[in-house]
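Please look at the model shown here before reading on.

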Amino acid sequence: SELTQKAIKIIHVKYYQDISLSQIAQYMDVNSDYLSRVFKEDLGIGISEYINIFRINKAKYKIISENKSVKDIAYETGFTNYNYFFKVFKKYVGATPKEFESNCKSSI
C-alpha cells in the first residue's frame, strides 16, 4: 500500500537515528496502530522487525566495505546498545558480527 511505501521511505532515510513506530506514524500523520496493522498486512512483519533487518543489512555492508570497528558500525546503523546489536545480528545472520567479518574476508 501507499502507506507502507511511505513508511519504508522514512525508515530508509532515518534508519541510523532512534526511530520508532510512533515517530514514523507521527511523521506521516496517521494513527500508529493503523500504520502497524497495514504495514504487517503488506509485508508480513512489523515495523520494528523491518527496521532491524534493514539496519543489519546496512551493518553487513559496512562490515565488508569499511575499515571500522563493529561497535562503531553498530552505532552508525542506529543501534544504541551494542549487546542488542550483537543479539539481533546473530538472529538474522546466523553468525556474530566478527564471525561474519572473518567469513567474508576468508572467502576473498
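The model is predicted, so local features need pLDDT of at least 70 and side-chain atom pairs count only at pLDDT 80 or more, while totals for chains, interfaces and linings use all residues. Residues are numbered from 1 along each chain as its sequence is written, and side-chain values use heavy atoms, with hydrogens and water left out.

In soluble globular proteins, nonpolar side chains tend to be buried together. A nonpolar core here is a set of buried Ala, Val, Leu, Ile, Met, Phe, Trp, Tyr and Cys residues joined through side-chain atoms within 4.5 Å. Buried means under 20% relative accessible area, exposed over 50%, and partly exposed in between, with a 1.4 Å probe and protein chains only. The largest nonpolar core has 18 residues, and those with the most contacts inside it are Ile11, Ile24, Met28, Leu35, Phe39, Ile47 and Tyr50. At least two residues of this core come from each of H1, helix H2 (21–28), helix H3 (32–43) and H4; H1 gives the largest share, 5 residues. Helices (H or I, at least four residues) and strands (E, at least two) are DSSP runs, numbered from the N terminus. Apart from this core lies another, of 13 residues, with Ile56, Ile63, Val88 and Phe89 among them.

Contact means heavy atoms within 4.5 Å. Not counting residues up to four places away in sequence, Leu35 touches Leu3, Ala7, Leu21, Ile24, Ala25, Met28, Val30 and Ile47. Thr96 sits in the loop between helix H6 (82–93) and helix H7 (97–106). Thr96 is buried, at 12% relative accessible area, and touches Phe86, Phe89 and Lys90, again not counting residues up to four places away in sequence.

Side chains of opposite charge can pair when their charged atoms come close. A salt bridge is counted where a side-chain nitrogen of Lys or Arg lies within 4 Å of a carboxyl oxygen of Asp or Glu. The count by this rule is 6 salt bridges. One of them joins Lys6 and Glu2, with the closest N and O atoms 3.5 Å apart. Both residues lie in helix H1 (residues 2–14), 4 residues apart, about one turn of the helix. Lys6 is partly exposed at 44% relative accessibility, and Glu2 is exposed at 56%.

Lys62 and Glu76 also form a salt bridge, at 3.0 Å from N to O. Lys62 is in helix H4 (residues 47–65) and Glu76 in helix H5 (residues 70–76), so the pair ties together parts that are 14 residues apart in sequence. Lys62 is buried, with a relative accessible area of 14%, whereas Glu76 is partly exposed at 27%. Glu76 forms a salt bridge with Lys68 too, the closest N and O atoms being 2.8 Å apart; Lys68 is partly exposed at 36%. Through shared partners, salt bridges join Lys62, Glu66, Lys68 and Glu76 into one network.

On a 1 Å grid over the protein atoms alone, a pocket is an open set of points where a 1.4 Å probe fits, with protein on both sides within 12 Å along at least five of seven lines, and lining residues have an atom within 4 Å of a point. Grid points are joined across faces, edges and corners, and a volume is the space filled by probe spheres set on the points. The largest pocket holds about 170 Å³ of space. It is lined by 13 residues, of which Asp18, Ile19, Ile51, Asn52 and Arg55 are the closest to its centre. H4 supplies the largest share of the lining, 4 residues.
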